[in-house]
Structure formats: structure tokens, C-alpha cells
Amino acid sequence: MGETIGDRIKHYEALLREMWAASAKYLGAFSVNLLVERVVWEVSLEYKEIELLQYDQNGVSCAKIAARLEENPDLPVEDMFVKFIARYVEILAKLLGHERAEEIRKKLGQLGEEFSGEPFASREA
Amino acid sequence: MERLKTGIKNLDYILGGGIPAYSLNIVSGSPGSGKTIFVQHIIFNNARNGLKSLYLTTISESQLKMVRHLQEFAFFADGLLGDRVIYGDLGTVLRKEGASKGLDYLVQLIKEHLPSIVVIDSLKVIRDLFPDEKAFRAFVFELAALFSIWEITAFLVGEYEEQELTCLSEFAIADGIFHLYGQEEKRFQKRYMRILKMRGASFQQGEHLFQIGPLGIEVYPRLRPEGEELQYEVKRGRKKFGIPELDEMLSGGLLEGTITLISGATGTGKTILALKFLFEGVQRGERGIFFSFEESALQLQHTARHLGWEVDKYLANGQLEIKFISPIELDVDKHAFEILDMVRGKKVERFVIDSISSFESSVSDVQKYRDYLWAIGQQLRRRHVTTIFTVLNEDLFSPLIVSRAQLSLIADNTIILRYVEDNSIIKKVLGILKARGSNHDKSLREYEITAEGINILNRLDKADMLK
């Protein structure tokens, strides 16, 4: 109770960092950076603010998103992060196989119950 | 693991189901080896299944020529262009703005089209734009990572010679390598493909023949005479010729699932004896195939009718099949595969190849010829098909020579047909040299071929065949 939007941003930032670290173990930092870039682009088609996510080969930061929220508290950041993480895990499942993706999803599930579900399928190869 | 089906005849079989999805594949070979047709065939097949491909050339004028040339193939479909098959130019950006901008441009194209397949033709041209090996290696590494992150199966085409495949950095980074090459063999200009690497797939190694025809690419998998193929159940049933004296000489007929060599000079009746074996089988309700390199199906039908063997109804109901391949067109790689393809999935019990001497004339070396026959023989044995190979012995009155190429080693049974001179009369003599697992008759018997068929006559006392 009484959780502020700032707390929620920190929560998602923790999830993203966990996800980044867990997937870098398999993909390497360079590829994780490319993956984040891809998902940012995809989610930005619906939520432009995701482009404020800062990332490089050392990790991710939500500082700019948090700052934008202070100016505009009505931004639908929760939906945006949920979509971002779901899409990220979905692509991972395709790249690494469902077993590895499931391990990452379980870690996320421990941090937030919204990610305890199955990753959904993406386009066919 | 997900697979990208190539849709090319027999290639997915060689690959164990297709190319692993999101892999980076290099298609290498000399100019004219068929690289472009190979990848184009794959992308058009996939376009028909709804997948989108981006084909990026690196030489600006080649695209026009390529499309003009591709129109000759059945796989090409004008309606797929621009929608499922998108052509683009990567070379101009790379040359004018460098590798980094080239990658940015590629990402831009990927975002715009979201392709499942990307082809870069040619990677060798891109390689030449880089100042050193290290920079090029970094570029290919970035390219590989980019494609996998965007769930793209990539084909990088390049004019590489075989000696380059082991030393250039792109081959270390690639998940899959298809090497296409051609060589002159006897009267054929032949094309071969080898899959040198395919991470995540248990593919069939070795040299596979392929052809480029109006349909595009057709691959004929290499026959594999491997140790595991030697494990098969031995049957104890017998297959009769329907010639009582001969069946008696063989202790009741040929053992089921064995290979029999019928060796003889021209005119001794090898074809007729083999045809009789099939005719006896179809009369017993079995299925038989006659693979002829010597006489056409019509000639064989005529011969059978002349001998009183009514084969027409069996040909009509498919119980008997006669396949004729002109020796001029005989390509052993292709037809060895076709022979086994005819047997697969059909309950064939009797099979004849007439003659394997025609096979030999189209193979560049004797060892390869033996390997093919060995592989065919093993596969037929595994399927319990009782098989006859006829072989021409060119010397009419020679001592007992089965064949020049020591083919007797591949046979379980050997029947010799030859001429002998007896009191200024030429007679035909038959002998069983070998019949594995049978206490066969060792005598030499005179025989004749008449309008009533094949008659085995008396034992010959003085044939002098073993001198």
C-alpha cells in the first residue's frame, strides 16, 4: 500500500537489470544490447517513451523515464514495461529455446508476479 | 529447434529437417556454381509459405540481370516480388559511407520489412571493402548477432574457392556452410554440394550431387555405405526363378534379401533370366522393378511376350515396373538415388538392374563404382529386396571371370552364363559359382532359350571352363 509510481519504476528497473544480467550469460553483452535495441524499437511503435530507456553494453537505466514521469504522471509506464519485458522474454525463448527462457522468466517471476506466466509465441521462421 | 525448410528436393532430408532457424549460413563456390539460384530457390519456396525475405546485392547492376535470369525457373513468381521477396542494394551505402553506416542501413531495412530471411550477395565484395581482417571479422560478428536478435535466418553468398574455406574468418563465425562446386566426370559436367558445417543439425556429410534444371535445384543425397547399415535381419525364405531345374540347383531358389550377380557374355540371356525372375515373382503376387540401362520398356515387353510371359496386366496394375534410362543419360549419382527412391515406401520384393556394366561406364573411377553398388546392395538387403545385378562379361569364351571390377565381392550369389564350343557347336552353359547359405549344385548345365522360355538341359562333361 502507498507504493508510488517512482517505486514502481525502481521495481521495473530491477526487473530489467535482472533480465539483462540473466540473458547476457547466454547471449553476451553485445547481443543483449542489440536485443534491447530491437525491443525498444518494437515497443516504441506503441509507447514512444520507451525510447528514454538508457542502455549500453554495461546495462540499463530508467532514470530518464522516471524524470519524464515527474513531468507527466499520467504516462502508461506499467503497460509499457510489461509489454517490453514480455516481448523480450518471448524473443529470448525463440533464440535460446524455451528451457533457458523459462529460467529467466522464473527469476523475473520471483521479482514480480506479473511475469510468472508463459511467454507467448512470436513470428515463425 | 525450429527449422527453416528449404523446400529444395531432398535438401531438407540431408539437413535432418531443414536449416536451424536464425542461423548464419555461408553459401560459397566459384562463379557459376549455382549459389544465387540456390538461395533464390529457398527464398521463393519460403515466400510461398508466407515468409518474407530481403535479398541485398552488393553490386548495383546485378539485380536486374538476376531477376531476368530467374524468370526461367519454375520457382520464380512475379507476384511475390516486392511483397514477400524484396530486393535491395547494400553495396552503395557500404562503399560510400562505410561498414558502420552499412549496418545502420541494414537495421533500417529490417525494421521496415521485418524479414524472416536475409541474403547478402556477395559477402566477398564486402570483404574487399575492409582495410584489414580484424575489422572485417568484427563486422561479420556484428552482422551475425544482428540477424539472430531479429530472428532472421541469413545467407551470405560468396565466390570462395575451397582453400579459402579453412582460413577466412567468416567461416569460423558462420553456423552453416554450403559449398557448391562442379567437376567434369566422364561425359558429364557435374555439380556437387557439401555441407561443411551446420551447428545444431545432424546433417549428412559428404558430396551430394545436385542439378540445376527448369524447376531450380534438385539434390541427390550421397549413398552411404556405413557400418550401421550392415545390421539387418536375414530372412530364410526363397525366391524362385520358376525354372524348376535352376531352382533345384539353388536349393529351392535365391535366399530372400540377397544380391545375385548374373554374369555373362553378350547374347547369353542375362536379361531374359532376370526378367523371368521378376515375372515369376509377379505371378506369385509380389511386386517387382526392372531397372534397365540396356533395353527400353517396349523392347522388354516384346521379349517377354515372345517367350509367352504375359507381363501387360502386371505392368498395367503397377505390380511390375520397368524403368529405362538411356546409357547416354546415365548419371550414376542421380540414378543410384532414384533406384532407392523407387524401392522406398513400396513393398518391392524383387529388383533387377540390367546391367551394372552400364553403371560402370559413367563413373570416373572403379572405387566409386564399387562404393555405389555396395551402398545400393546394402540398402536393398536391409529392405529384404531380392536383387539381381546383371553384368556383361566381354570375353565370349574366357575362363570364369565374373567381372573386371571384382564385383563378385558384393554378391551373395553368382550365376555364370557363357558360351562353350562342343564339336564345332556353340552351346550355352550355366553354372552357379556361389550361393551363400545354400548347398548349391556345382555342375555346369547346358541351357537353351526358346519360344517356350529357358530350358536347363544336361550336365556338360567337357566344358573346359575353368582353364
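1. Of the 467 residues in chain B of this predicted model, 58% count as buried. The accessible surface of chain B is about 19600 Å², and carbon and sulfur atoms hold 49% of that area.

2. Chain B contains 15 helices and 22 strands. Along the principal axes, its C-alpha atoms occupy a box of roughly 95 × 45 × 40 Å. Among contacts in chain B with a separation of 6 or more, 69% are between residues 24 or more positions apart.

3. On the interface: the size of an interface is often given as the accessible area lost when the parts come together. For chain A and chain B, the buried area is about 1600 Å², with 63% of it on carbon and sulfur atoms. Chain A contributes 16 residues to the contact and chain B contributes 18 residues.

4. Three salt bridges are found across the interface of chain A and chain B. One of them pairs Arg38(A) with Glu151(B), where the closest N and O atoms lie 2.9 Å apart.

5. On the chain A side, helix H2 (29-44) and helix H4 (77-96) each supply at least two of the residues that touch chain B. H2(A) gives the largest share, seven residues. Sorted by class, the side of chain A that touches chain B comprises eight nonpolar, two polar and six charged residues.

Terms used: Residues are numbered from 1 along each chain as its sequence is written. Chains are lettered from A and ligands numbered from 1 in the order in which they are written. This is a predicted model: local features need pLDDT of at least 70, side-chain atom pairs count only at pLDDT 80 or more; totals for chains, interfaces and linings use all residues. Side-chain values use heavy atoms; hydrogens and water are left out. Contact means heavy atoms within 4.5 Å. Buried area is the accessible area (1.4 Å probe) that two parts lose on being put together, summed over both. A salt bridge is a side-chain nitrogen of Lys or Arg within 4 Å of a carboxyl oxygen of Asp or Glu. Helices (H or I, at least four residues) and strands (E, at least two) are DSSP runs, numbered from the N terminus. Ala, Val, Leu, Ile, Met, Phe, Trp, Tyr, Cys and Pro count as nonpolar, Asp, Glu, Lys and Arg as charged, and the others, Gly among them, as polar. Buried means under 20% relative accessible area, exposed over 50%, partly exposed in between (1.4 Å probe, protein chains only). Accessible areas come from the Shrake-Rupley method with a 1.4 Å probe; for residues, only the protein chains shown count as cover.
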